[in-house]
Structure formats: structure tokens, C-alpha cells
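Let's take a walk through this one together. Have a look at the sequence and the fold first, and then we'll go through the parts.

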Amino acid sequence: MPMINMTDFGTDSDGNINTDYCHYCYQEGEFTDKGISLEEKMARNIKIAVKLGMTKATASKLARNTLPKLRRWRKSKKVKQVVK
């Protein structure tokens, strides 16, 4: 998600802005989708992006190139292909 305005960013438990994550994913110091795997998150984000008008190929490329690099997912060694 493009994060341009301060309101686009998530918040830490103390209410401060967290610039690592968007407000849809991170609120009050916690992920909004605890327990989700990287592959599930990628599939969910691709589905949302397609619904908003992005092609599936572009959404898949964006998810594969962005999500695994986030601090949350860096421990994940391998990303499965989610678009078939």
C-alpha cells in the first residue's frame, strides 16, 4: 500500500506512528491479521489489489517483491507461488 499521509501508517501500542506498516495491517502495536502466513497474506493482498483494479499479474509481482522484505516476514525463507 502506498503510504503518503501520516494517517496511512500503522500505530504502536503507545499510539506513535509506525512507519514500517500501513494502518490496515498494524494497529496499536499488533498486526490485524495475527497468525496469517506469508503465503496467505500475499494471496489476500493480491485479491484486494485485483478488486481495486490492478491486474492479477501486477498484483502478484508487487506482493512477491514487497511483502517478503517487510520485517514481519524476513524470517520466511521460501515464498510459494500463489498465482496460478
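Among contacts in the chain between residues at least 6 apart in sequence, 32% join residues at least 24 apart, where a contact means heavy atoms within 4.5 Å. Keep in mind that this is a predicted model, with local features needing pLDDT of at least 70, side-chain atom pairs counting only at pLDDT 80 or more, and totals for chains, interfaces and linings using all residues. Residues are numbered from 1 along each chain as its sequence is written, and side-chain values use heavy atoms, with hydrogens and water left out.

Now for the layout. The chain has two helices and four strands, and along the sequence they follow the pattern β-β-β-β-α-α. Helices (H or I, at least four residues) and strands (E, at least two) are DSSP runs, numbered from the N terminus. Of the 84 residues in the chain, 27% are buried; buried means under 20% relative accessible area, exposed over 50%, and partly exposed in between, with a 1.4 Å probe and protein chains only.

Strands β1 (residues 9-11) and β2 (residues 17-22) run antiparallel and are joined by three bridges; strands count as paired if DSSP finds at least two bridges between them. Phenylalanine 9 has cysteine 22 in β2 as its bridge partner. The two strands make a hairpin with five residues between them, and in the turn glycine 15 has a positive phi of about 90 degrees.

Leaving out residues up to four places away in sequence, aspartate 8 touches Met1, Pro2, Met3, Cys22 and His23. Its C-alpha atom is separated by 9.0 Å from that of threonine 19, 11 residues apart along the chain.

You'll find aspartate 33 in the loop between β4 (30-31) and α1. Again leaving out residues up to four places away in sequence, it touches Lys41, Arg44 and Arg72. Glutamate 28, in the loop between β3 (26-27) and β4, is exposed at 62% relative accessibility. Glutamate 28 also has a phi near 55 degrees, a positive value in a residue other than glycine.

On to the helices. Which residues of α2 are buried? In this helix (residues 56-66), they are Ala59, Ser60 and Ala63. Seen down the axis of α2, these fall within an arc of 100 degrees, so they line one face of the helix; the arc is that of the directions from the helix axis to the C-beta atoms. What covers them includes α1 (38-51), while Ala57 and Lys61 are exposed on the other side of α2.

Last stop, the largest pocket. About 730 Å³ of space lies in it. Of its 26 lining residues, the closest to the centre are Met1, Pro2, Cys22, Asn45 and Leu67. A pocket here is an open set of points on a 1 Å grid over the protein atoms alone, where a 1.4 Å probe fits, with protein on both sides within 12 Å along at least five of seven lines; lining residues have an atom within 4 Å of a point. The volume is the space filled by probe spheres set on the points, which are joined across faces, edges and corners. The largest share of the lining, six residues, comes from α1.
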